[in-house]
Structure formats: C-alpha cells, structure tokens
Amino acid sequence: MNKKSITDVDLTGKTVFIRVDFNVPIKNGAIEDDTRIRGALPTITYAVEHGSKVVLASHLGRPLKDKKKTEEKGLPYDEAKYTLRPVAEKLSEMLGSPVFFENEDVASRISSLSSGDVLMRENLRLNAGEEKNDADFARSLAEGIDIYVNDAFGTAHRAHASTEGITHFVDTCVAGLLMEKELAFLGKALDSPERPFVAILGGAKVSDKIPVIESLIERRVDKLLIGGAMAYTFFKARGFTVGKSLVEDEMMPTALDVAKKAEEAGVQLLLPTDHQVVDSYDPLNSRKSIQIDFTNSGHVGLDIGPETADLFAAALEGAQTIVWNGPMGMFEEKPFDEGTIAIARAVAEATDKGATSIVGGGDSVAAVNQAGLSDRISHISTGGGATLEFLAGDVLPGVAALDDK
Ligand code: ADP
Ligand code: MG
C-alpha cells in the first residue's frame, strides 16, 4: 500500500480525528448488529494505547433526506433514530472506559481532552455540509486536530467533508488499521494476484457490475464465473429462452461485448448450465432444476442448479486468488439460497487449501454470514459500493486524499 498508515506516525499527545463507520442498525435505541463497531476497535485501541486524544466521527443513516421525505408525506420524523449516542454507550462498554459524547461545543471539549480520552461527535450527516463536502464544515471538523485517520472504507468512494474535505485542513492524513487491511487485500488482488485468479460475479443487475467485470478482464483474471440473475442477460443476448427470469434488455449488447472481450483476453468465462426455476403460474409448488436450454416462456430462474454448483466448485479448485461479489440466486428466499451456499462452501474449501479469498458486497457478505462461513474467508470487505468501485479500478476520493508513504 502506498498510503501512510496510523502505524507510520507518532501519536503521543496528539489530537487524532478518526473517521469510523458506525452506520449500524439501531431499533428503539438498541444496536441490532455491532459488527462495524467491533471492526473499528483495533484502530481506536491503537490510538488510545499510543497516548493520543481521540475524536471519533461517523454518519448514521440519512437523516436530512429522510426528514424531507417524511415531511413531504406528512409523516412524523423520528429524530431519535439518527443519534449516535447509543453507539457511544456501546463503545464505552466494549472499551471498558468512558466515551464522551458531545454535540454542542465540540471545539472547546476537544481542547480539554487528555491523552487516552475518547470523544464521539454526533452524526455527521445531521449537518448538510457533510455530504456537500462544504469547506466551512470541513474546516470546523479539523479544528484542534493534529492527525486525521480514515478507517471508514465503506464511505471512501464519496468525497464528503469527513472523508475528503477535512484532509485539506489537517497536515497529517493516514489510513486506519481496517482501511489498511482493505487496501492491502483488494489492492493485491488487483495489482499482483497469485494465480490462478478466479472471479465469481452474481447478483441482480449486470448494469451494476459491468465496470467490475471489465476491470477484471483487463487484469486478465484466469476464470470469470457468472451466476445470479445477471446470467440471464448473457443468455438472452445469445438467443436462449429465459422465460420470466430477470433480464436487462438494454444491457444485452454490453453482455455480448464483455463475452467477446473475455475471449480475446484469454479469460475463461463460465455461465450456468442448469438452474432452479419456478412456474410463474404456480410459484410455490413448481420448483425444479432444469438445463438452461429447457427453459420455457413461463419459467422464472431463481438460482443456479446443482450441476452448475459442481461446475463452479471445480473451477475454484486450485485457485490462489478468489474475488466474489453477488449471490448466485435469490438467496433471501429458501431454498433458493442453495446455490449461493454451495459456492460459499467451495470458496471456503479453496481458502482452507491456501487460496486468498475476498468477498465483497452487502448481500454477498450477508449470504456468507448466513451460511456461517465468514471465518473461513480470508477477507470480508466492509464496503458495498466502495468495494465495487475499487475493484472496478476507480480511485476512491477518501483514499486518494491520504498522505503517500
Ligand atoms: P451485492 O449486494 O453482494 O453486491 P447485489 O445487490 O448485486 O449483490 O445482488 C443481490 C440481489 O440479487 C439479491 O437481492 C438477490 O435476491 C438477487 N438475485 C440474485 N439472483 C437472482 C435471480 N435469479 N432472480 C432474482 N433475483 C436474484
Ligand atoms: Mg446489494
């Protein structure tokens, strides 16, 4: 990684602003999933143990957008949903030490911090300046700060005041430990992957994933496995009947173009050979697995079939680098999670045998967690959009803004 990390700078006695991702699900004041808070602990603990005064900042939901929407509909706006106060309490429990929470006079509170203290700011997105990357708001965030640390990979693809703007007003800007880990894994996969390098792509829409597919082909991934609803656009473009399966008609020429580029680059493109379908007239009782070419106009394809699961698993054998984004089917509805679970197992097995595996994307990560296999994956990426943009080869503004090594 060519960006400076928190481990490269002297933190003693310094006031350190850490941009974390505490955008956690909260219901009635209770945190439903604390994965993201746990993910930020190493960087926070590192800063505390190295004698800095820590200021934490995060966004939580989209308060201003939601407020506008609810007001337009004449519904009550629930302000309590957007405060980070419960997160500060949870974090304090996890650290076993106090976490101050300040909303009013943040600057004077910061100036009175002692080494080892942790202060959390209120939800950044309550201020319109955050998402607008407003210079005045960014300057106010930088007040009294010596070192800026970005540990929120999931928002690094957005140039907001706390991810980009602030770096213009702080001299030293570095990556946190979680950010460093993301950049190390994703960067290595793109720049110098151990081969064979196999990419698995799925999910609902081809249009979301075209930049990623093209970037992986350019980087000469050895095999590209395409499943999920996305595959149907490829099939329909090739003249197959796909019934009522999800297709993006306007993406058919792009799908043909991608297949051609893959062939020219010597990338082996694998599509499903069979799938799980239901009859659109009798969706509850008609599930069966059929060959792709037996699909009729009433069928809806909702998962890859067992033959495809075996084919994809075989293609993963011996892989040294695996990147996976996008479920193989409508995994939220059992039993259409079977294909995705089979692939998750195959990725875990390849990882046991020495492959470096990376899973990214909100739904893909949820599927791997649901299958109880996340411990057997080398790296579960914390970014949704950010991971996709990174894999597409884009420069993330929140990463570009950090100091070079
Ligand atoms: P990620 O969040 O991992 O990037 P996506 O958001 O691109 O993944 O895709 C996930 C969605 O794709 C899921 O909601 C899943 O139900 C849907 N999906 C996958 N295959 C199919 C299919 N054959 N038919 C309908 N939906 C599908
Ligand atoms: Mg998704």
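A residue is called buried when its relative accessible area is under 20%, exposed when that area is over 50%, and partly exposed in between, with a 1.4 Å probe and protein chains only. Asp21 falls in the buried class, because its relative accessible area is 11%.

Before continuing, colleagues, a word on conventions. This is a predicted model, in which local features need pLDDT of at least 70 and side-chain atom pairs count only at pLDDT 80 or more, while totals for chains, interfaces and linings use all residues. Residues are numbered from 1 along each chain as its sequence is written, chains are lettered from A and ligands numbered from 1 in the order in which they are written, and side-chain values use heavy atoms, with hydrogens and water left out.

I return to Asp21. Asp21 sits in the loop between strand E1 (15-19) and strand E2; helices (H or I, at least four residues) and strands (E, at least two) are DSSP runs, numbered from the N terminus. The side chain of Asp21 makes a polar contact with the side chain of Arg36, at 3.5 Å. A polar contact is a pair of N or O atoms within 3.5 Å; within protein, one must be able to donate a hydrogen and the other to accept it, and residues adjacent in sequence count only if both atoms are side-chain atoms. A polar atom of the Asp21 side chain also lies 3.1 Å from the backbone nitrogen of Asn23. Not counting residues up to four places away in sequence, Asp21 touches Arg36, Ser58, His59 and Ala152, where contact means heavy atoms within 4.5 Å.

Arg36 leads us to the largest pocket. Thr35, Arg36, Ser381, Thr382 and Gly383 lie nearest the centre of this pocket, among 41 lining residues. A pocket is an open set of points on a 1 Å grid over the protein atoms alone, with protein on both sides within 12 Å along at least five of seven lines; a cavity is a set where a 1.4 Å probe fits but cannot get out, and lining residues have an atom within 4 Å of a point. The space in the largest pocket is about 1,000 Å³, a volume being the space filled by probe spheres set on the points, which are joined across faces, edges and corners. Helix H1 gives the largest share of the lining, five residues.

Next, the cavity. How many cavities of 30 Å³ or more are there? The count comes to one. Strand E15 (321-325), strand E16 (356-360) and helix H14 (385-391) each give two or more residues to its lining. Trp324, Asn325 and Leu391 are among the lining residues.

Leu391 belongs to helix H14 and is buried, with a relative accessible area of 3%. Leaving aside neighbours within four places in sequence, Leu391 is in contact with Leu186, Leu190, Val212, Ser215 and Val323. Pro211 is 180 residues from Leu391 in sequence, yet their C-alpha atoms are 8.4 Å apart.

Asn325, in turn, takes us to ligand 1. An N or O atom in the Asn325 side chain is 3.0 Å from an oxygen atom of ligand 1. Lys209 places a polar side-chain atom 2.7 Å from a ligand oxygen, and a backbone N or O atom of Gly301 lies 3.1 Å from a ligand nitrogen.
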